[in-house]
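Please open the structure in a viewer and keep the selection tool at hand. The stops below are to be taken in order.

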Amino acid sequence: MKNIQIFAIGGAGFNFSQKLFEQLDPTTYQIAHLVKQKEKFDVPNRTVFWVNDDLSYDQQAVETLLADKQGVILLAGLGGQTGTTVTPTLAKLAKAHHLPVLAFVSLPFSFEGGKRIHFAKSTADELKNVCEQVFVLDNNKATTSTSLTAYQEKINDELLKLIQKIDFTHNPYQSVQGNDVWAC
Ligand SMILES: Nc1nc2c(ncn2[C@@H]2O[C@H](COP(=O)(O)OP(=O)(O)OP(=O)(O)O)[C@@H](O)[C@H]2O)c(=O)[nH]1
Ligand SMILES: [Mg+2]
């Protein structure tokens with residue numbers, strides 16, 4: 001039974017999901033994407049819910065995925081429109097279904113500007129009030145990696161490891177310790 005629902009939201013969410021899609025057992029984990037059509041999302045074999053320009057999406061369709069789940073994991077980069085707006089709505093939807101929710105979100109690079117950083121930080125705080133646990137990746141730490149590709153590889157490796165530690169079946173509300181990439 002696919003008992004864990006992962007939502008990968010927006011462009012960064014899609015990038016964060018790559019290793020999970022390759023490595024996680026698909027009989028346990030279902031990965032669905034929420035993206036705008038203009039993202040030119042053309043990867044086959046993915047479940048996709050389109051996000052409209054006004055950032056609405058088919059909540060009822062999303063809810064049908066929650067019916068038989070034991071837990072929800074959200075992945076997004078905060079600071080843009082889609083991830084920052086849709087992620088809290090999904091968290092609340094999952095909580096309305098009495099499901100434990102963990103979120104993995106990034107904060108913008110400092111060069112992206114104060115407006116995006118503020119939007120991202122206030123959304124991260126909002127998520128902390130709704131979710132069981134929020135893991136935050138500070139993109140400014142990318143400067144400690146040799147290249148952006150190496151950084152993304154490390155992010156995705158650490159994300160996979162953390163998700164594999166979450167045991168929704170036996171202890172859904174346990175807390176999982178963050179690390180130097182995804183901090184709690
Ligand atoms: N580490 C990392 N961060 C990313 C990546 N892509 C985007 N980001 C960060 O995530 C933030 C949001 O970017 P996107 O995910 O592209 O935005 P979106 O949620 O698709 O929203 P819109 O495109 O504005 O509708 C950016 O401001 C970056 O800080 C990625 O591949 N890796
Ligand atoms: Mg985008």
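Begin by selecting the residues of the shell around ligand 1 and colouring them by class: six are nonpolar, 11 are polar and four are charged. The model on display is a predicted one. In this model the shell comprises 21 residues, and Ala12, Asn15, Thr82, Gly83 and Glu112 are the closest to ligand 1.

**Contacts of ligand 1**

Next, select Ala12 and show its backbone. One of its backbone N or O atoms lies 2.7 Å from an oxygen atom of ligand 1. Move on to Gly83, where a backbone N or O atom likewise lies 2.7 Å from an oxygen atom of ligand 1. Then display the side chain of Glu39: a polar atom of this side chain lies 3.0 Å from an oxygen atom of ligand 1. How much of ligand 1 does the protein bury? Of the 640 Å² that ligand 1 exposes when taken alone, 82% is buried by the protein.

**Elements around ligand 1**

Switch to a cartoon view and select helix H1 (10-16), helix H4 (82-96) and helix H6 (148-165); these are the elements that give two or more residues to the shell around ligand 1. Which of the elements gives the largest share of this shell? That share, five residues, comes from H1.

**The largest pocket**

Now show the protein surface. Ligand 1 sits in the largest pocket. The space in this pocket amounts to about 430 Å³. Its lining is made up of 24 residues, and those closest to the centre of the pocket are Gly11, Ala12, Gly77, Ser106 and Asn139.

With the lining selected, return to the cartoon: H1, H4 and H6 each supply at least two of its residues. H1 provides the largest share of this lining, with five residues. Coloured by class, the lining of the largest pocket shows nine nonpolar, 12 polar and three charged residues.

**The second largest pocket**

Helix H2 (18-23) and strand E2 (29-36) are the elements that give two or more residues to its lining. Strand E2 contributes the largest share, three residues. How does the lining of the second largest pocket divide by class? Six of its residues are nonpolar, three are polar and two are charged.

Key: Residues numbered from 1 in each chain as written. Chains lettered and ligands numbered in written order. Predicted model: local features only at pLDDT ≥ 70, side-chain atom pairs only at ≥ 80, totals over all residues. Heavy atoms only, no water. Near = heavy atom within 4 Å. Polar contact = N/O pair within 3.5 Å; in protein donor to acceptor, adjacent residues only side chain to side chain. Areas by Shrake-Rupley, 256 points an atom, 1.4 Å probe, with all protein chains shown as cover. 1 Å grid on protein atoms, 1.4 Å probe; cavity = no way out; pocket = protein on both sides within 12 Å on 5 of 7 lines; lining within 4 Å. Sits in = over half its atoms within 2 Å of the grid points. Helix = DSSP H or I, 4+ residues; strand = E, 2+ residues; numbered from the N terminus. Nonpolar A, V, L, I, M, F, W, Y, C, P; charged D, E, K, R; others polar. Points joined across faces, edges and corners; volume = space filled by probe spheres on them.
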